[in-house]
Amino acid sequence: MMERHFDASLRELKEQLVTMAGLVEKAIEEATQGLKTTKSERFQNVYELERKINQCHISVDSACLKLLALQQPLATDLRLIFAIIKINTDLERMGDQAVNIARNAQEYIKSPPLKPLIDLPIMFQEVREMVGITLDAFVKNNESLAREVLKRDDRVDALKNKIFKDVLELLKTSSEQVEQGLTLILIARNLERIGDHATNIAEDVIFALTGEDVRHSTQVATMKTALNE
Amino acid sequence: MNTKAILEVKDLHAWFGNTEAVKGVSLSAAYNAVTAIIGPSGCGKSTFIRCLNRLHEELPGAYATGHVLIENIDIYDKKVDPVSIRRKVGMVFQKPNPFPSLSIFDNVVAGLKLAGVKRQSTLKEIAEQSLLSAALWSEVKDKLHAPGTSLSGGQQQRLCIARALAVEPTVLLMDEPTSALDPISTAKIEELMTELRKKVTIVIVTHNMQQAARISDQTAFFLSGELIEFGETSQVFTAPQKEQTERYITGRFG
């Protein structure tokens, strides 16, 4: 089949988004390592990466706008660009969350640790894997990988809830460390948000590939059941 | 929108001698719906709509089989007079074709005169109504007796629409009605179609995918005389069900 000139533009756009996603992964990794190693240059790396992510955010949007205006895409082309616009926003917010983690971690390491970190490293690992699979799904146009991400979000949510609960329990006995406890809760929350953004991206990948809108599917199913009852 | 089907096509085949141009097409259009027919050149879409007012059979060696029901009357029934069908099913062509020797006024009322309407007051009233409906009245009301051909291309096309509307058709067929027009005239005709749909059921053949997307409720994709996909326009242009449709509307054909 003849390749269209438009295909080259779409490929370029996808590559641009994948580069941006690489920066986001790196930012999350650096924030994680910062908390683990307490090395300040790791945090500086996160801030530097976030600036680059923001530049990508603007240039991906402008490339999408240009393609919409000049190519007037339809069907899979339209769905892909529509998904990329949304994924772009999610990636940018993931970058912001990496910065939030870095800031919170910098606060946290100023004082002695509240407790040995057990669940947080597991959560970091879960979120990193989730982000990795999401991007793999996008790059490889793989629907089943994207669906796998949707299932994993529950695990991240459960870990966040466990960290919330454990920290609250600890604070009941050592109230002088409220700030430390709160910072840990914030980091868990930041990670959970990254997981949510990864889920959004996975949903957009499924939409781009199949045209099926899987967002809020549990909610919609519950509503339908309630209506039928 | 009234969902009752006003136009129902069942297993329609159209032939040019031994060549089958439309191969067993079935589809229906609801009252007041705009149906767009898309597909590459030679896919049978123009032949298809020419079967909807029995114009196809006017060509030498051409004939059609199957059923076309308009308001539940099969226009291919032996008892049906093709001329009466063409009054019920108006048509607008690619190139504006006002009668060259007739004035604007006489162009609009030509069909009525043929049908035997003689009263001047009736003719005047219907001419004004039709020109108003075709969004041309304000531009021509002071020169109704100027030749139809003195108008611009876009105005001539609206004059042809007014002429088609004068006989109060149930269905209006449009065969690439804007392909010879500039973007402003095109926009006017598209705007007009959204108004006209309140009175008539429109079937439009268009090569302009964006036009089909903008103005129609349902879209039919034809390929080599077959109806490949027929569905809601928003569905067809965002998530077509058939690979061939996908390839055609994204320009990946051939």
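Strands S9 (residues 218-223) and S10 (residues 226-232) of chain B pair antiparallel over 6 bridges. Strands here are DSSP runs of E with at least two residues, helices are runs of H or I with at least four residues, and both are numbered from the N terminus. Two strands count as paired if DSSP finds at least two bridges between them. This is a predicted model: local features need pLDDT of at least 70, side-chain atom pairs count only at pLDDT 80 or more, and totals for chains, interfaces and linings use all residues. Residues are numbered from 1 along each chain as its sequence is written, while chains are lettered from A and ligands numbered from 1 in the order in which they are written.

The hairpin of S9(B) and S10(B) has 2 residues between the strands, and B:Ser224 takes a positive phi near 45 degrees there. S9(B) also pairs with strand S3 (residues 34-38) of chain B, in parallel, through 4 bridges.

| Residue | Bridge partner |
|---|---|
| B:Phe221 | B:Glu229 in S10(B) |
| B:Ile38 | B:Phe221 in S9(B) |

These strands belong to an open sheet of 6 strands in chain B, ordered S6-S7-S8-S3-S9-S10, with mixed pairing. S6 (89-92) and S10 of chain B stand at the edges with a single partner strand each, so one side of each has no neighbour in the sheet.

Now to chain A. Helix H2 (residues 40-71) of chain A has 32 residues. At 1.5 Å a residue it should span 46 Å, and its end C-alpha atoms are 46 Å apart, which agrees. The expected span is 1.5 Å times one less than the number of residues. Among the buried residues of H2(A) are A:Phe43, A:Val46 and A:Leu49. A residue is buried if 20 or more other C-beta atoms, placed from the backbone, lie within 10 Å of its own, exposed if 12 or fewer, and partly exposed in between. The buried residues of H2(A) pack against helix H1 (5-37) and helix H3 (75-108) of chain A. Just after H2(A), A:Gln72 takes a positive phi of about 40 degrees.

A:Ile87 sits in helix H3 of chain A. A:Ile87 is buried, with 25 other C-beta atoms within 10 Å. Not counting residues up to four places away in sequence, A:Ile87 touches A:Leu17, A:Ile201 and A:Asp204. Contact means that C-beta atoms, placed from the backbone, lie within 7 Å.

The two chains meet as well: 12 residues from chain B and 11 residues from chain A make the contact.
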